[in-house]
Amino acid sequence: MKLQTQYDRSDSKRTLKSRESPTVMQPNSSELGAHQAGHGLSLTLLTRTPAGATGGSAVPETSGEVRVPILSSGPWESCRGGASSRRSRVSSRTSSHSHSHSHGGGHQHSHSEPSEADPADADLESGEPSTSFLELRYLFRWVQKSLPFIIILCAKLVIQHALGLAVGVGLFTTFLYVNKNIQTQVFLLDRRSKIECVWLLLFLASSTLLLYYTFLTETLYYCLIFLNPAVEPLGFWEVLWVVGVTNFTLKFLIMGFKCLILLLPSNLVTYRAQGRWYMLTEEVGQVYQAVAPTPLWFRYLVTYQEVDGNTGLTLGVLLALVYFILKLLGLYGQWGSFQKTVRIFLSGEHTGAAATRSQCSEAGAICPICQAEYRDPRALLCQHIFCDECIALWFNREKMCPLCRTAITDKVHKWRDGATSPYLQIY
């Protein structure tokens, strides 16, 4: 009897302990295989049920399985080395934060708090783009902090070179104004204003004389005849400024010559011949502008200073020789364009063939461009008829017929419209 009573007591204690014990989490064997394959992980919850109310004998324990899947963030095989420590941290956090809640029916559930991704790991995985973005942001911050100092330096430079900057702005605006007005007067043909041409000529002459009078002591006009001006010290910025002033002055001289051509009567020089003169004048002026700064740069490169010694002098001579060779190569490239311009000027080629009276009458006896009677009519390849002067001016900028847009020529003869190149020759 005593043994039977002790056995019953021990059995009842085991039953109570089984009821009070928490849910045991065990991994399923099949899920372990899936875990090893890298597809995921699931936990199996085993719950033990006590013996039935009737009958005092022990009843075999039954287990209810509840699977809790844990999703993996990626293939396990590809990140074993870098993610092993991360999985250990996640498992430790999960085990430390897991807790059980008991509900009315004796069912128990286990909850685990998900762990968030480490920001440091995200920055590492982001790679080079984030690093470049940070560098750009730091550069922007540096510019933002240095902006007041940059503004102060720019203001100092403007104050220090106020006269030179004012001269440069004045020369540039004068060039734009005169160049546009010359092209307008060339396009007007018979309706051009000779008063406007005289005003442009006087404006160019007065601007040039005022410039050289202001800098009379520097003798800037020496550069027009390939001599060095009296500018001391002759530094890099001084050379750039003198070369720029000389280049604009040469442009003014070229535009003044074009104004003189505009003042000539049409019975002395036809409009077609005027276009050839404009073209030749521009080509000659560009060659002159390319040669004019050569002595100034040569002097700057060869300038001997006692501080440099013989090594500095030798290096300066070598640099000057290299510059001279490059200048000769540049002039050789311009020589082909100059020869072509001279051939066109001497040949006086016409566009199209001379049109007969019958062709003119069939076309309506009125030029589609000038809306007047034909003057020296020319028939193009497309059989459209225009005045020789009108179609010559048209092909100064276009390659196609103004009516049917048929390609007539494969090249455009530049500078026949009286335009001057805005290119600044500084070397």
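Me: Is Cys-370 buried, partly exposed or exposed?
Reply: In this predicted model, local features need pLDDT of at least 70, side-chain atom pairs count only at pLDDT 80 or more, and totals for chains, interfaces and linings use all residues. Residues are numbered from 1 along each chain as its sequence is written, and side-chain values use heavy atoms, with hydrogens and water left out. Buried means under 20% relative accessible area, exposed over 50%, and partly exposed in between, with a 1.4 Å probe and protein chains only. Because its relative accessible area is 30%, Cys-370 is partly exposed.

Me: Where does Cys-370 lie, and which residues is Cys-370 in contact with, leaving aside its neighbours within four places in sequence?
Reply: Helices (H or I, at least four residues) and strands (E, at least two) are DSSP runs, numbered from the N terminus, and Cys-370 lies in the loop between α12 (357-363) and β7 (377-379). Phe-386 is 16 residues away from Cys-370 in sequence, with 8.8 Å between their C-alpha atoms. Contact means heavy atoms within 4.5 Å, and once neighbours within four places in sequence are left aside, the contacts of Cys-370 are Cys-387 and Cys-390.

Me: Which residues does Ala-372 touch, not counting residues up to four places away in sequence?
Reply: Ala-372 lies in the loop between α12 and β7, and Ala-372 counts as partly exposed because its relative accessibility is 33%. Not counting residues up to four places away in sequence, Ala-372 touches Ala-365, Ile-366 and Cys-367.

Me: For "domain: RING-type", which residues does UniProt list?
Reply: UniProt positions are given in the numbering used here, feature names are shortened, and annotations may be inferred rather than shown by experiment. According to the unreviewed UniProt entry, the residues are 367-405.

Me: How far apart are the end C-alpha atoms of residues 239-264?
Reply: The unreviewed UniProt entry gives the annotation "transmembrane region" to residues 147-178, 198-227, 239-264 and 313-333. Over residues 147-178 the chain is 97% helix and 0% strand, with end C-alpha atoms 38 Å apart. Residues 239-264 are 96% helix and 0% strand, and their end C-alpha atoms are separated by 39 Å.

Me: Is Thr-219 buried or exposed?
Reply: Thr-219 is found in the loop between α7 (194-214) and α8 (236-263). Leaving aside its neighbours within four places in sequence, Thr-219 is in contact with Pro-229 and Ala-230. Because its relative accessible area is 11%, Thr-219 is buried.

Me: Which element gives the most to the lining of the largest cavity?
Reply: On a 1 Å grid over the protein atoms alone, a cavity is a set of points where a 1.4 Å probe fits but cannot get out, and lining residues have an atom within 4 Å of a point. With grid points joined across faces, edges and corners, and a volume taken as the space filled by probe spheres set on the points, the largest cavity holds about 60 Å³. The elements that give two or more residues to its lining are α6 (162-188) and α9 (271-291). With 4 residues, the element that gives the most is α9.

Me: From which domains does the lining of the second largest cavity draw at least three residues each?
Reply: The second largest cavity has a volume of about 50 Å³, and its lining includes Tyr-271, Glu-389 and Arg-416. Domain bounds come from an automatic or database domain assignment. At least three residues of this lining come from each of domain 1 (133-349) and domain 2 (352-420).

Me: Which residues are the closest to the centre of the second largest pocket?
Reply: A pocket is an open set of points with protein on both sides within 12 Å along at least five of seven lines, and the second largest pocket has about 880 Å³ of space. Of the 29 residues that line the second largest pocket, the closest to its centre are His-161, Gly-164, Leu-165, Trp-237 and Trp-241.
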